[in-house]
Amino acid sequence: MCGIIGYTGNRQARDVIISGLKRLEYRGYDSAGIVIGNGSIQLVKDKGGMANLESILPEMKGQYGIGHTRWATHGPPLKKNSHPHLDCKEEIALIHNGIIENNMALREELIQRGHKFKSDTDTEVIVHLLEELYHGNLEEAILKTVARLEGSYAIAAIHAKEKGKIVGARNISPLVVGIGKKENFLASDVPAILEYTDRMIYLLDEEIVTLLKDEVKIMDFQGKPVKRNWQKVEMNIEGAEKSGYEHFMLKEIFEQPDVIMDTFIGANLNTENGYSLNLKPDTIKIIACGTSYHAGYVGKYMFEEFAHVPTTVEIASEYRFSSITTSNPLIIGVSQSGETSDTLVALRIAKKRGLNTLGIVNIVGSTITREVDHVFYTRAGLEVGVAATKTYITQLIALLALAIKIGVAKETLGIDDARYLSNQLRKLPKHVRTILDGSEQIIQLAEEISKSKSMFFLGRNMNFPVALEGALKMKEISYIHAEGYPGGELKHGPLALVTKETPVIAIAVKDQTYEKMLGNIGEVSARGATVIGIGTEGDTELPKYADHVIYIPKVPPLFTPVLVSVVMQLLAYHVANVLGCEIDKPRHLAKSVTVE
Ligand code: M6R
């Protein structure tokens, strides 16, 4: 969600904060603001993104401060709702990521005691509470304030009279401290400060941190001091640059051959003992959101095919409402960020129910990885584009690897079959490259599709969730209305919307669904729709049904979702590009959704 950064040291804080905020913009970009402390509070904030903030930024002298990029939850993107927020005396400045659930009650109480509110945000109650509870020491005021807050939050604050001091607190929403030489940093995520240091301390829930330029102190919400060593992070800053690509999304799509290999190697399937795994669940439930949910949905077919384990998939925010537990289940949470509140909370509920949990996560050290019983890392590297691409593809690889391992452990998959599948997996990067090399055809089709207002994606079996993901990618970055359906479901209602104005993307690869998909293509063609078929190379039949065919290399059926998804990512990207959309930062969305 929102991005948070704080700096204290010998540099001009303004420069450090602005460069960090630019790296954080993918977390939220409807408004931004900065406060620099220098005996008084210098505040600049406005609606709009970082380009706008920079254009209005005066020179600001001072060596400590905090900055924020916002993803609106309470109150529209307006200057008054932008962070930082100030107390009535304009001595304390505060930024916040998350949601304060009891903000209405607190606001009423504070108004009755004479506080004047300037914004519609839930955040502002925190700074007014701080004002009341401040008696010369900011961390003590924060300690008393968090006792009044309900919800999920990461906050950072400074006081005009406490020179060089930043105090942060975390409950559910992430916060990380960067340790420098005679300087320290605070951020909602690592890339914001990686340019300056790779030594990080991850705050845990219910912890408060105080930063001075040569000291970092942590205490828990009871005020008890906490000792924690820093960890070196392995991410590199180049990962956060576009490297000549027009958008991060395109760069990240083109990185997929490499990261597939990294995830494959990380899964240890290239070694003999890499097949052994001590997990033999009777059932699996996968919980995730958005694109990760779609990856999990494809995973269902993998676990059922290779490991014969009945698998259900549930949207993480719905999991809390289900109460049925099967025997010996494994709960798998899939999340690229490892911070998505809906998924995190669902995993916590599963743990409370005494269930075995496993996280498939990209970000090392993220909250989910610290809370689950087992972690399976995807190795996609840093993904900046809000639309998940390489993190999703590596989730599919991780799920394949996990399904193979559980299959071997449960002896539903012989070791020779497992080896065969691993060898096929090893060839996937080459096949993905073939698709990327064929981008020209997709660019031409994108021109045609960009004229439509609505479209459908069809697939069956394991390619049904791929159709859902194709539609999600298209709608989130191009704003063209798109729906994914199982091919057989169209005639039960949605067919009423199919006309010559609604292009249909039909996944008709050579597997058990092929004949049925040809039938579905016939149905939509008869209603005038232009059909783009995604088929298996060498198929001469499909062009007789579809208006255009994009071919993917021939791979085992459960590997086709990887290749088809790459085609769909390219299609969505190029349609959005033709339409001139803000591809890396689609409206209303954020990279990491840390509110429930
Ligand atoms: O970090 P997560 O994988 O848990 O995020 C879940 C969704 O918010 C995410 O997959 C979202 O749907 C994608 N960014 C859309 O491209």
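Predicted model: local features only at pLDDT ≥ 70, side-chain atom pairs only at ≥ 80, totals over all residues.

The search returned three cavities of 30 Å³ or more. I noted the volume of the largest cavity as about 70 Å³. Next I listed its lining. Cys2 is in it, and so are Arg70, Trp71, Thr73 and His74. His83, His96 and Gly98 also line the largest cavity. Thr121, Asp122 and Thr123 complete the list. I then sorted the lining of the largest cavity by residue class. Seven residues are polar, two are nonpolar and two are charged.

**Second largest pocket.** I moved on to open space. The second largest pocket holds about 520 Å³. Its lining counts 29 residues. Which of them lie nearest the centre of the pocket? I found Cys289, Gly290, Thr291, Lys591 and Val593 there. I also checked which elements contribute to the lining. The helices α8 (290–307), α10 (341–352), α12 (390–409) and α15 (464–478) each supply at least two residues. Strand β18 (329–335) also supplies at least two. By class, the lining of this pocket divides into 13 nonpolar, twelve polar and four charged residues.

**Thr283.** I picked one residue to look at by itself. Thr283 lies in strand β16, which covers residues 283–288. Is Thr283 buried or exposed? Its relative accessibility is 14%, so I logged Thr283 as buried, the cut-off being under 20%.

**Whole chain.** I finished with the overall numbers. The chain has 17 helices and 25 strands. Its C-alpha atoms fill a box of roughly 75 × 50 × 45 Å along the principal axes. Why does the radius of gyration agree with a compact globule? A compact globule of 596 residues would have a radius near 25 Å, and the chain has 25 Å, so the two agree.

I checked burial as well. Of the 596 residues, 63% count as buried. The chain exposes about 22500 Å². Carbon and sulfur atoms supply 50% of that area. Last, I looked at contacts between residues at least 6 apart in sequence. Of these, 71% join residues at least 24 apart.

Methods: Residues numbered from 1 in each chain as written. Heavy atoms only, no water. 1 Å grid on protein atoms, 1.4 Å probe; cavity = no way out; pocket = protein on both sides within 12 Å on 5 of 7 lines; lining within 4 Å. Points joined across faces, edges and corners; volume = space filled by probe spheres on them. Nonpolar A, V, L, I, M, F, W, Y, C, P; charged D, E, K, R; others polar. Helix = DSSP H or I, 4+ residues; strand = E, 2+ residues; numbered from the N terminus. Rg over C-alpha atoms; globule rule 2.2 N^0.38 Å. Buried < 20%, exposed > 50% of the residue type's maximum accessible area, 1.4 Å probe, protein only. Contact = heavy atoms within 4.5 Å. Areas by Shrake-Rupley, 256 points an atom, 1.4 Å probe, with all protein chains shown as cover.
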